Amino acid sequence: MPHEAATIPTPYRRHGSNAGQPLTRRDGPLKVTGRATFAADNHPEGMLYAVTAVSGIARGRVTFLDVDAGKAHPGVVEVMTPANRPPLAHDPNEKMAPFGFRVEVLQDDTVRYANQPIALVIGETLEAATEGALLLNPRYDVASARTTPESGLRYDLAVVGVGAPARTAHGDLEAGFAAASVITEAEYVTPPQYHNAMEPHAVVAQWDGDHLTLDMPNQAMALSCVAYGAYFGIPAENILIRSPFLGGGFGSKAILNGPQILAILAARMLKRPVKLVLTRAQMYGPVGHRGSTWQTLRLGMDEEGHLTALHHHALCATSSFDDFIEPAANASLPLYASPAILAEHTGLRLDIGTPGPMRAPGEASGSAALEVAMDEAAHACGMDPLEFRLANYAETEPGTGRPFSSKSLRECYAEGAKRFGWSGRPLQPRQMRDENGFLVGWGMGTAVFHCPHFPAEARATLRDDGTALVETSGADMGQGAWTALAQIAAEALGLDPDQVEFHSGRSSLPDGGIAGGSGHTASAGLALNNAGEDAIARLAELATSDPRSPLFGAGNIGVVARGGRLHRRDDDRHGESYAAILKRAGRAQVVGTARAMRDPAAAQAHAMFSHGAVFAEVKVDPDLGQVRATRLVGAFAAGRIINPRLVRSQYFGGMIWGASFALLEEAITDRRTGRIMNADLAEYHVPVNADVPALDAILIPEEDPYVNPLGVKGVGEIGITGTVGAIANAVWHATGKRVRRFPIRIEDLV
Ligand code: MOS
């Protein structure tokens, strides 16, 4: 069959490895020369500027806004408040699937969190709109803000995150603890964290009748078009989202948010294009964050250090009006073999903006707590932390017994430990010092991330000059999609990546699915692969049915697409170039299309995860308590590697965010006002170069026949998991002090 001709994966298997070519990023030159256009770089003719005025209180009611003063500003065109906000076609208080979030669009005068938009000021210039917003001078009825587990309302949730069960129980927990000879239990606290993408949330909205064009960073274009269509009462097809580049997404650009909807409303109301760009401070509220957690882990072990019971409870913050929480406890489900596991969540309503997906939502916080708990349990059993994890290695999915589609975690442990030098680690803490007298500690953690797969579409056009155009709508957030996806398409088409023009970043292209969940390369990649195969099959049809072609009659034998030529499967001298086939057929091009999804039966039958092991070294000043992560070695197995250079860079990024979680990031809430006191990049610490340790990422070869036909798993978010615990465990190993609150601070260690 000609159709299977293009599926022979040649370059991936060069040198006996399943890794592809380490191409550099195709978008690199555009980015470094400033030619890449981000949403806020667009300036259509006649454009106005919108600025949100935000609440200075966290709970209460707006009793007065000086709209007259705002409007009197010579550059202000309009002030939008709940009094004149135009209607929407969908009730913004109603949660819309699949996002499941209420949107904040001036529906009333109630204040539910600090930095909530309370008005939108539109001006001829950014300065005028900004000044107009300052002139509104709001007054409030202030109620006391609920900011702590003591003041917040606890409640039971049905689902957590984006739809996982809030409570999962396997086996008999009580019997497990009764059988244990050692039991450890502790509480771990993770703080609120904010995405802090370099590029703020932005939109340039233009209406043309009932057609809407949006320049905006967006991780889920097709879903967004449907949702915007519902809010504005127009068909989704009338909406064009252009999102060629994102200056970081981290989950915060996957869901709709109120400020952008307000700007679109303003553009319709004023019949002119409107631009809105949130300030850094305004991103601490209405556009999601990672919610704080208070996690209790109780582990039971028998005499040999085998888990007999694992209980992970997470109390997780959410807003007073929505339900998204950080699904932290579910991190304890896929990893360690225990006859009894209970993972459960309790919601905590606080006067905060609703949390949302952020950099391994759930896994990051849950793994931080679990990996420290495992370290504590290993110590209680008198075992080396790696030996303890190997003793509890899950050969099948804990609880369900399903086989893993592939799992090379043992190899990750072995290779990572070898590269790091783990075997030289003293069992007891506070045993190592460097030449400067700093305490040195080594810790480790297991990394794990699930493998979601989203439906996606693509189109591949082979042209009579021998080149191809491939198209799919998904965005490049900076992760390298433009390069890796083009490589997959080129491979399917039997072309060099240089011969493949790749179009992406516009919602009018075939739906590339969601750029999230570390599933974009697999999802959009499979669609591109299949579209490429479809194009090759159509081309083969032209050749094998044409008596003038050397491939005539090869239909039953099959053809192979390689190097821009089709040749007979059984004889590579008989073939011809794509250009020659198309020219003789009088065709300018052939077009292949695909809508692709993984096999649902394979997904049902298997547990699908990427795995890894992270080893960390820290140095702690014994007098000042200052901690430096000095070395991180991660070994990861994530199926077929399309581009090892980009993948290594993804792992580095993940590990850096892990170090950030462990030692730097925290939004600090003023308990008197409910306001975040460090809502800027000066005081909210994200890692700079000086904070980043020496990094090493090992790519463990892995073949996965079930996860999807490409064998590609996710590599984006896994690096943060494992790393947080590894660093915390290294801090304990250096100092003997067990810190159970993140980030670990100087004051925890002196
Ligand atoms: Mo990510 S938090 O799946 O964009």
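Biologist: Which residues of helix 5 are buried?

Modeller: In this predicted model, the buried residues of helix 5 are Met221, Ala222, Leu223, Ser224, Cys225, Ala227, Tyr228 and Phe232. Buried means that 20 or more other C-beta atoms, placed from the backbone, lie within 10 Å of a residue's own. Helices are DSSP runs of H or I with at least four residues, strands are E runs of at least two, and both are numbered from the N terminus.

Biologist: What do those buried residues pack against?

Modeller: They pack against strand 13 (211-215), strand 14 (239-242) and helix 6 (258-270). Contact here means C-beta atoms, placed from the backbone, within 7 Å.

Biologist: And what follows helix 5?

Modeller: Gly233 does, with a positive phi near 70°.

Biologist: New topic: how is helix 14 covered?

Modeller: Mostly: 15 of its 20 residues are buried.

Biologist: Which strands are in the open sheet with antiparallel pairing?

Modeller: Three strands, in the order 4-2-6. Strand 4 (110-111) and strand 6 (139-142) are the edges, each pairing on one side only. Strands pair if DSSP finds at least two bridges between them.

Biologist: How many bridges join strand 2 and strand 6?

Modeller: Four, in the antiparallel sense. Arg61 has Asp141 in strand 6 as its bridge partner.

Biologist: How are residues numbered, and what confidence is needed?

Modeller: Numbering starts from 1 along each chain as its sequence is written. Local features need pLDDT of at least 70, side-chain atom pairs count only at pLDDT 80 or more, and totals for chains, interfaces and linings use all residues.

Notes
Buried ≥ 20, exposed ≤ 12 C-beta atoms within 10 Å, placed from the backbone. Contact = placed C-beta atoms within 7 Å.
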